[in-house]
Amino acid sequence: VGYRLFTRQQIRHASKHAPSDPLLSHRKDGVPMIVYFTTPTCAPCKFQQTPTLNKLQTELGNHKLQVIRVDATEDPEAADRWGVFSVPTTFVVDHQGTPRHVHNGVVSAELLKSQIEAISA
């Protein structure tokens, strides 16, 4: 219950900033996206989440998914705007630029794909 409340708050926080956020300035119209916060020293990011996202991007293609990777050490202001406290943190953003889901920690390609398909329907 606590985790769900936390992630809802994260979504609300990110949603306030998303419409004007510079991270989304190159958003492709009509294409859902993943905003992925990572750091160079994050082992789960490097060995689990990044390969998962690469696989998903290859499987779905650029016309069905856009992935934006953010190094939280290089852009701490972005991490603050999105309410990121740990890495990996992965947001699923709909085709209108609204954050719909957030995952703190490693998340499977299957779950991300199902969330992307649900917001694309």
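User: Hi! Where does glutamine 115 lie?
Analyst: Glutamine 115 lies in helix H4. Helices here are DSSP runs of H or I with at least four residues, strands are E runs of at least two, and both are numbered from the N terminus. This is a predicted model, where local features need pLDDT of at least 70 and side-chain atom pairs count only at pLDDT 80 or more, while totals for chains, interfaces and linings use all residues. Residues are numbered from 1 along each chain as its sequence is written, and side-chain values use heavy atoms, with hydrogens and water left out.

User: Thanks! Is glutamine 115 buried or exposed?
Analyst: Buried, because its relative accessible area is 11%. The cut-offs are under 20% for buried, over 50% for exposed, and partly exposed in between, with a 1.4 Å probe and protein chains only.

User: And what does glutamine 115 touch?
Analyst: Leaving out residues up to four places away in sequence, glutamine 115 touches Val92, His101 and His103. Contact means heavy atoms within 4.5 Å. With histidine 103 there is also a side-chain to side-chain polar contact of 2.8 Å. A polar contact is a pair of N or O atoms within 3.5 Å; within protein, one must be able to donate a hydrogen and the other to accept it, and residues adjacent in sequence count only if both atoms are side-chain atoms.

User: Staying with H4, at what angle do H2 and H4 pack?
Analyst: Helix H2 (residues 43-60) and helix H4 (residues 109-120) pack at about 45°, and their axes are 10 Å apart. That angle is why H2 is called oblique to H4. Under 35 degrees would be roughly parallel, over 145 roughly antiparallel, 65 to 115 roughly perpendicular, and the rest is oblique. The axes are lines fitted to C-alpha atoms, for helices over the stretch in contact, with angles from 0 to 180 degrees between N-to-C directions.

User: Which residues make the contact?
Analyst: From H2 they are Gln49, Thr52, Leu53, Lys55, Leu56, Glu59 and Leu60, and from H4 they are Ala109, Glu110, Leu112, Lys113 and Ile116.

User: You listed Thr52. Is threonine 52 buried or exposed?
Analyst: Threonine 52, found in helix H2, counts as buried because its relative accessibility is 17%. Setting aside residues up to four places away in sequence, threonine 52 touches Val107, Ser108 and Ala109.

User: New topic: where is proline 40?
Analyst: Proline 40 sits in the loop between strand S1 (33-38) and H2. At 53% relative accessibility, proline 40 counts as exposed. Not counting residues up to four places away in sequence, proline 40 touches Lys46, Asp71 and Thr73.

User: Which residues is asparagine 104 in contact with?
Analyst: Ignoring neighbours within four places in sequence, asparagine 104 is in contact with Tyr3, Phe6, Thr7, Gln10, Ser86, Pro88 and Thr89. The side chains of asparagine 104 and threonine 89 are joined by a polar contact of 3.3 Å. Asparagine 104 itself is found in strand S4 (residues 99-104).

User: Last one: how far apart are glutamine 9 and glycine 83?
Analyst: They are 74 residues apart in sequence and 8.6 Å apart in space, C-alpha to C-alpha. Glutamine 9 is found in helix H1 (residues 2-17) and is partly exposed, with a relative accessible area of 43%.
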